[in-house]
Amino acid sequence: MLKRHFLQCAAAIAIFANVGIASAAELKGPVSYVIPFGPGGESDISARFQQPFFKEKFGKDLVISYQPGGGGAVGWASLNGLNGDGHTIMGVNLPHIIIKPAQKDVGFTTADLNTFYMFHYTPDAIVVTADSPYKTLADLVADAKANPGEVTMSGSGKASANHLAQIKFDKMAGTLTTYVPFKGTGAAVTALLGKQTKAEWGYTTVGAKQGDAVRMLAVAMDERHPLFPDVPTFKELGYDMSGGAYRGIALPNTASAETTKMWSDMIGEINNDADFRKQMLDGGFAMLDVSAEDMDAFMAERVEEYLNDAREAGLIK
Amino acid sequence: MDLSQFVAALTPFNIALALFGVIAGTVVGSIPGLTATMALAVLVPVTFSMDPASALILLGAIYTGAIYGGAYAAILLNTPGTPSAIATTFDGYPMAKRGDGDLAVALACFASVFGGMVGALALLFLAPPLSKVALAFGPVEYFWLSVFGLSLIASLSNGNLMKGLAGGAFGMILSTVGVAEISADIRLTFGSQTLIGGFGVVGALIGLYCIPVLIDLVAVPDRHLKVEENVKSVRIGDAFRLALQSKFNLIRSSVIGTLVGILPGAGGSVAGLVAYSEAKRTAKPHQKFGEGEPDGIMATESANSATVGGGFIPTLVLGIPGTPPDAIVLGALLVQGVRTGPAMFTQSGSIVYTFIYGLLIATILMLPIGLLIGRYAYKSIVTIPKAVLVPTVGFMTIIGTFSIRNSVSDVIIMLCLGVFGWVVARFGFAASPIVLGLILGPIAEQGFVQGWTIGAATHNLFGMFFGRPISQAILAFTLVTLILPVILARKSKDRMGAES
């Protein structure tokens, strides 16, 4: 309760401090925040985390709705047909928006999307159950080398961040593991906990959510995640892997430069709120701050990286 | 667990919230296309300004109400308001046709309350042990479960097995259209952007069930439902007696509903179908399932309501949401700072138990509210002139389909499926097998692909598919369901032959 009052006070101060800036004034009513997936995934949870901070800082409601279909393609293909006055935004995900249009015509291209902020990523991680014989990454690699193909690893979807990570790691470690795609992280974790597979290609968020029930062998970050000081990074163990699934927000491409700037600033402000960051880190997410002006360079780099990985893996031509 | 949380749940404010939630949920659930997911998604921000327990009670009440509300449209319009109510149409609509719609609505209410209580009590007392069920079910078990569900086609398509199977196969093909859920391939879209999102279940339900009813309403001069002049209210007494007689059916169906609810990825529609199939298999000779048998409604409605409590078991204990509404409640909990997982019942116990008690209170409140709303729903559908009913329902189908994901493609697909459904119905192809194929196809496909991948990797394909105990049990049930009617039919034929 105390914390909530404190937040309200903080919000009030923030609003007074911002009186001179027109940013919040341009929003006339509630904002529709479309998640192009079903509820419960990482995209949904992080949007839910943003919701109360947005209301407190900018006084407007962020109304979240779900438009699942086509692995996100239904939503992204419809984005540019929506009103660009700044009252509709949509979550975007990497590598989805890069790989999907490269596979086939799905009604949008990566460049079509007016992505104005990338606000977090979920680092790749190898997860095993607490009672798994794999105590370290070396155990898993040794088993995979001794029994090629017999180490089964669940993951969310094909041609996804999990799948690309599996292919990349197999190549680096010289192992052959079997990737079993599931519908979403939830199903992949269920398969792991039920011992249907020997390990999971997941994210740090799985470790945060499942707590003592699982053990992470390594995380794909440059430095260890603050929530898991005991879990080594892949780099420490000699595998040059860093990254995961990146999430951001886009506007319809009819939005003016001012609207895009306004949104980039607003999401950036939430992202730099200490309480928001803490909530995200406690959930196992890793923060990221790519604002509208840096977006093109960031995207170009990712596009090259993901398309290379996917081409080498034979997922696209 | 102690009773202080029960008292905390019982404040006037919380009861008012539960009351509002059940009413709102029932109304939302009764309109095809509007789902519990949508209502919950919009209301979650309320939880930020409210005491967390109160807000969760509101969310739980809406969910419970919506699952029950789906029965109205199923019984009175032959259109499942939610996928959970598919099997309710099998006997509900025939009952309404012959003038027993009021009885059917009351039965659905009793069964829903009973099932909801069983599910909520299981959540209250047995959540940690029952959550293991979710983990025991691997890909292969899901595959066999969906095969079991598909075997229902045989018993649904009375005497018209080939047509039923053709419908089921067609539904399964429809389910593969669009971006494949796990392989990410884009299949059978023929380059069309309209088809890329695939055939959504809710849109298909509206098209295949509701549009043919609308066309028939226009094409046939009769009244929509038969009305008996002297009946003025819902026949609560009759319904209660019938429910009491079917207590075993209610208990069995509620247990099935709870167990299927625990399985992430199965859901209310599968629970209703499995319970219906079991009720039909164990039917007494005089019961005619599919022609307005009260036990059919009770089996489905108690099972699908039990999935609400059942579904929260993996959601709360394992942090794995079973259904989209569960996922939204889970999101609301996370934002409140509640950590899900085995430790949650001890660490965040007060919020969780208040929520469970709130769910129980909402379920009990559903009894008076459900009977009351049911009465008005029945009366208005029966007395409304066709000239008003048809455009109103027609308008709702379009708005409902569009609102699923603001997609015009979905509306086009829905209308095409509707006309298609009406045409093939002239040739004896029913809608239900198609919808069964559409719902179960993806579960079967994913389970098969995953099971095969794991089996091949471990060089144990046969053991993977046939060697696991749960798989064997489901397979045995499937064979019994398929073969028993054939043997029984042959026996009765022999007897008739001997008598003549």
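Chain B puts 46 residues into its contact with chain A, and chain A puts in 51; residues count as in contact when their C-beta atoms, placed from the backbone, lie within 7 Å. This is a predicted model: local features need pLDDT of at least 70, side-chain atom pairs count only at pLDDT 80 or more, and totals for chains, interfaces and linings use all residues. Residues are numbered from 1 along each chain as its sequence is written, with chains lettered from A and ligands numbered from 1 in the order in which they are written.

**Chain B side of the interface**
- Elements giving two or more residues are α3 (36–43), α7 (101–136), β1 (178–179), α15 (324–335) and α20 (431–457) of chain B.
- α15(B) gives the most, seven residues.
- By class, this side has 26 nonpolar, 18 polar and two charged residues.

**Domains of chain A**
- Domain 1 covers 2–121 + 244–312, and domain 2 covers 122–219; the bounds come from an automatic or database domain assignment.
- Their centres, taken over C-alpha atoms, are 28 Å apart.
- Domain 1 gives 16 residues to the contact between them, and domain 2 gives 17.
- On the domain 1 side, β9 (244–251) and α11 (295–312) of chain A each supply at least two residues.

**Helix α5 of chain A**
- L137(A), L140(A), V141(A) and A144(A) are buried in α5 (137–146) (20 or more other C-beta atoms within 10 Å of the residue's own).
- Seen down the axis of α5(A), the buried residues fall within an arc of 100°, so they line one face of the helix.
- Their cover includes β4 (114–129), α6 (161–173), β7 (199–203) and β8 (214–219) of chain A.

Definitions and conventions
A residue is buried if 20 or more other C-beta atoms lie within 10 Å of its own, exposed if 12 or fewer, and partly exposed in between; C-beta atoms are placed from the backbone. Helices (H or I, at least four residues) and strands (E, at least two) are DSSP runs, numbered from the N terminus. The arc is that of the directions from the helix axis to the C-beta atoms. Two residues are in contact if their C-beta atoms, placed from the backbone, lie within 7 Å. Ala, Val, Leu, Ile, Met, Phe, Trp, Tyr, Cys and Pro count as nonpolar, Asp, Glu, Lys and Arg as charged, and the others, Gly among them, as polar.
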